[in-house]
Amino acid sequence: MYKCDRCYNRIAEGELPACIEQCPEDVQTIGPRSEILQEAHRIADEEGAYIYGEKENGRTNTIYISPVPFETLNQAIDRGPGQPHLDPVEDKMAHADNLAKAMLIAPFAGLAAAVSRVYKATKDISKQPEGSNEVG
Amino acid sequence: MKSVKTPKKYTEQKFIKPVYLFLLFMMGLTGFGQMPIFKRYYISDIPGLGWTAEFYIKHYLHYLGAIILFFLFAYLIVVYFGLMRKSYALSNAALIRIVLLVAIVVTGIFRVLKNMPDVVFSPGFTMFIDISHLVFMILLICCGVVFGITRKGWFVSRVV
């Protein structure tokens, strides 16, 4: 079994994915995300349609346009384990992104702690008599 | 950290070894766990290790470990150059470990960047930092084992 890669090799040679080329109804277009979004909004405005994937589910790489609201579609879907849905999905990487910010601060905190440690120790040494074997 | 004559014992030397080894072990465990191996090979069925099947828990722990290590590395660099350097030189084994640790940290930073929502690297570069982060860690483990057996510590006493 292969996962669809949108005919990566064909796109590399400047061709279209086979499914887009073959589609008699011309339902798909492919291109840079910003251009596709622009096109999606143009169609949606023209036809009063709804867009899925611009903000939903962490911003998907496939943008869908539907004449039926996606909430209505979501209610009509068979539910159950392994079944897809259109519910709002939490950003699983949100916590990691926050932790990444903490990574920026951590070395400076370590630096500050160490500088105060070294400063105290050097002050103590100048006070302590010679031969002391313990610092800190 | 062992030497024949110990000139001066710093507070850090008392706790650093278990802390460092524990952190490194957890980083190794959660790092290798980014691959779905623990559930596949039934490690997560061992009582108390159920969390090793949860990708995001391992991912958060790995980030958390990186935060602690960033703090610790910055702290130790300053304390070494500010205090300990007078009494101890770094051994060759330490230098090799430091080079590997720097390589792991740098590739790790790029991996964190790659995970940010708006940062995109080329597939080749992504693969390169992925594999090199793993390879440097494997090399560090190998060095740890070899230096552990041959008893090559981090410090060489400057007091003769």
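1. Fold order of chain B. The C-alpha trace of chain B spans about 55 × 40 × 25 Å along its principal axes.

2. Confidence. This is a predicted model. Chain B has an average pLDDT of 91, and 96% of its residues score at least 70. For the complex, the predictor reports an ipTM of 0.83 and a pTM of 0.79.

3. Interface between the chains. Interface size is often quoted as the accessible area lost when the parts come together. Here chain B and chain A bury about 2400 Å² between them. Carbon and sulfur atoms account for 71% of that area. On the chain B side, B:Tyr60, B:Ile67 and B:Leu83 supply 20% of the area that chain B buries against chain A. The contact takes 27 residues from chain B and 27 residues from chain A.

4. Helix H5 of chain A (residues 94-127) packs on helix H3 of chain B (residues 55-82). The angle is about 20°, and the axes lie 8 Å apart. Angles under 35 degrees count as roughly parallel, so H5(A) and H3(B) are roughly parallel to each other. H5(A) passes H3(B) in a right-handed crossing. By class, the contact of H5(A) with H3(B) has 24 nonpolar, four polar and one charged residues.

5. H4 and H5 inside chain B. Helix H4(B) covers residues 92-115 and helix H5(B) covers residues 123-149. The two pack at an angle of about 150°, with axes 9 Å apart. The cut-off for roughly antiparallel is over 145 degrees, so H4(B) and H5(B) are roughly antiparallel to each other. Their crossing is left-handed. From H4(B), the residues that meet H5(B) include B:Ile96, B:Leu100, B:Ile104, B:Phe110 and B:Arg111. The H5(B) side includes B:Phe125, B:Asp130, B:His133, B:Phe136 and B:Phe147. By class, this H4(B)-H5(B) contact has 15 nonpolar, five polar and four charged residues.

6. H1 against H5 in chain B. Helix H1(B), residues 11-32, also has a contact with H5(B). Their axes come within 12 Å and cross at roughly 140°. H1(B) and H5(B) are therefore oblique to each other. The crossing of H1(B) and H5(B) is left-handed. H1(B) contributes B:Tyr20, B:Leu24, B:Gly28 and B:Phe32. H5(B) contributes B:Leu134, B:Met137, B:Ile138, B:Leu140 and B:Ile141. The residues of this H1(B)-H5(B) contact divide into eight nonpolar, one polar and no charged.

7. Which residues of H5(B) turn up in both contacts? B:Met137 and B:Leu140 are listed on the H5(B) side against H4(B), and B:Met137 and B:Leu140 are also listed against H1(B).

Terms used
Residues are numbered from 1 along each chain as its sequence is written. Chains are lettered from A and ligands numbered from 1 in the order in which they are written. This is a predicted model: local features need pLDDT of at least 70, side-chain atom pairs count only at pLDDT 80 or more; totals for chains, interfaces and linings use all residues. Side-chain values use heavy atoms; hydrogens and water are left out. Axes are lines fitted to C-alpha atoms, for helices over the stretch in contact, and angles run from 0 to 180 degrees between N-to-C directions. Helices (H or I, at least four residues) and strands (E, at least two) are DSSP runs, numbered from the N terminus. Angles under 35 degrees count as roughly parallel, over 145 as roughly antiparallel, 65 to 115 as roughly perpendicular and the rest as oblique. A crossing is left-handed if the near helix is turned anticlockwise from the far one by less than a right angle, and right-handed if clockwise. Ala, Val, Leu, Ile, Met, Phe, Trp, Tyr, Cys and Pro count as nonpolar, Asp, Glu, Lys and Arg as charged, and the others, Gly among them, as polar. pLDDT is the predictor's confidence in each residue, from 0 to 100. Contact means heavy atoms within 4.5 Å. Buried area is the accessible area (1.4 Å probe) that two parts lose on being put together, summed over both.
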